Amino acid sequence: MRSFFPKHLRDLFKKKEEDKQEGTRGFSFDTGNLSDEELTLVELDGRHPQRVDKERDDLQHWYSLSPREKEVVALVCMDHRNYQIAEVLGIANGTVKSHLENIFKKFNLRDRHAIRLALRDWDFQTWWEIRRQLPTPLPPRTIYR
């Protein structure tokens, strides 16, 4: 099963897991004189600190979304229009707009293009396919007496 996280984060998680199993930190140089912050930056593949903070914030924003908002974000990032999203999810067009407004507030962004840019490295196609293969629960029955 593929993750929808960006490749460099998947590689980092994989490397950390391998290092845990081997009991090493995976560094090929002396790290005795580096601070914890500098070690974190080295572990994050030498990426720019602002980029790392942005990705961490995006992940926190993602977890703050409701399941329906996550579906809307995924479809927006897969270049669907509002009416297409409404059709796929079986909701009204106005509900899609409402979800998008909430998403914009939670991500502190202004439009759908900004969301696409913020999450451009995420693999929503695979996430969507996996999510759609899961069985959906039956709606509760109303028993009339």
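**Aromatic pairs, core and helix packing**

Tryptophan 62 is buried, with a relative accessible area of 2%. This value, like those that follow, comes from a predicted model. Tryptophan 127 is also buried, its relative accessible area being 14%. Both values are under 20%, the limit below which a residue counts as buried.

A pair of aromatic rings is described by the distance of the centres and the angle of the planes. By the rule applied here, 6 aromatic pairs were counted. In the pair formed by tryptophan 62 and tryptophan 127, the ring centres lie 5.6 Å apart and the planes meet at 80°, so the pair is edge-to-face; planes over 60 degrees apart are placed in that class. The pair links distant parts of the chain, since tryptophan 62 belongs to helix H3 (residues 49-64) and tryptophan 127 to helix H8, 65 residues apart. Trp62 and Trp127 are also members of one aromatic cluster, together with Trp122, Phe124 and Trp128.

The largest nonpolar core consists of 24 residues. Within this core, Val73, Ile103, Leu119 and Phe124 have the most contacts. Two or more residues are given to the core by each of helix H4 (67-77), H5, H6, helix H7 (112-118) and helix H8 (124-133). The most comes from H4, which gives 6 residues. When neighbours within four places in sequence are left aside, valine 73 is in contact with Trp62, Leu65, Ile103, Ile115, Leu119 and Phe124.

Two packed helices are described by the angle between their axes and the distance between the axes. For helix H5 (residues 82-89) and helix H6 (residues 93-107), the angle is about 105° and the axes are 8 Å apart. H5 is therefore roughly perpendicular to H6, a term that covers angles of 65 to 115 degrees. On the H5 side, the contact is made by Asn82, Tyr83, Ile85 and Ala86; on the H6 side, by Asn93, Val96, Lys97 and Leu100. Of the residues in this contact, 5 are nonpolar, 2 are polar and 1 is charged.

Positive phi values were found at two loop residues, aspartate 79 and asparagine 108. Aspartate 79, in the loop between H4 and H5, has a phi of about 65° although it is not a glycine. Aspartate 79 is exposed, with a relative accessible area of 55%. Asparagine 108 lies in the loop between H6 and H7. Its phi is about 55°, again positive in a residue that is not a glycine. Asparagine 108 is exposed, with a relative accessible area of 63%. Both areas are over 50%, the limit above which a residue counts as exposed.

Note on methods:
Residues are numbered from 1 along each chain as its sequence is written. This is a predicted model: local features need pLDDT of at least 70, side-chain atom pairs count only at pLDDT 80 or more; totals for chains, interfaces and linings use all residues. Side-chain values use heavy atoms; hydrogens and water are left out. Axes are lines fitted to C-alpha atoms, for helices over the stretch in contact, and angles run from 0 to 180 degrees between N-to-C directions. Helices (H or I, at least four residues) and strands (E, at least two) are DSSP runs, numbered from the N terminus. Angles under 35 degrees count as roughly parallel, over 145 as roughly antiparallel, 65 to 115 as roughly perpendicular and the rest as oblique. Contact means heavy atoms within 4.5 Å. Ala, Val, Leu, Ile, Met, Phe, Trp, Tyr, Cys and Pro count as nonpolar, Asp, Glu, Lys and Arg as charged, and the others, Gly among them, as polar. A nonpolar core is a set of buried Ala, Val, Leu, Ile, Met, Phe, Trp, Tyr and Cys residues joined through side-chain atoms within 4.5 Å. Buried means under 20% relative accessible area, exposed over 50%, partly exposed in between (1.4 Å probe, protein chains only). Rings of Phe, Tyr and Trp (its six-membered ring) pair if their centres lie within 6.5 Å; planes under 30 degrees apart count as stacked, over 60 as edge-to-face and the rest as tilted.
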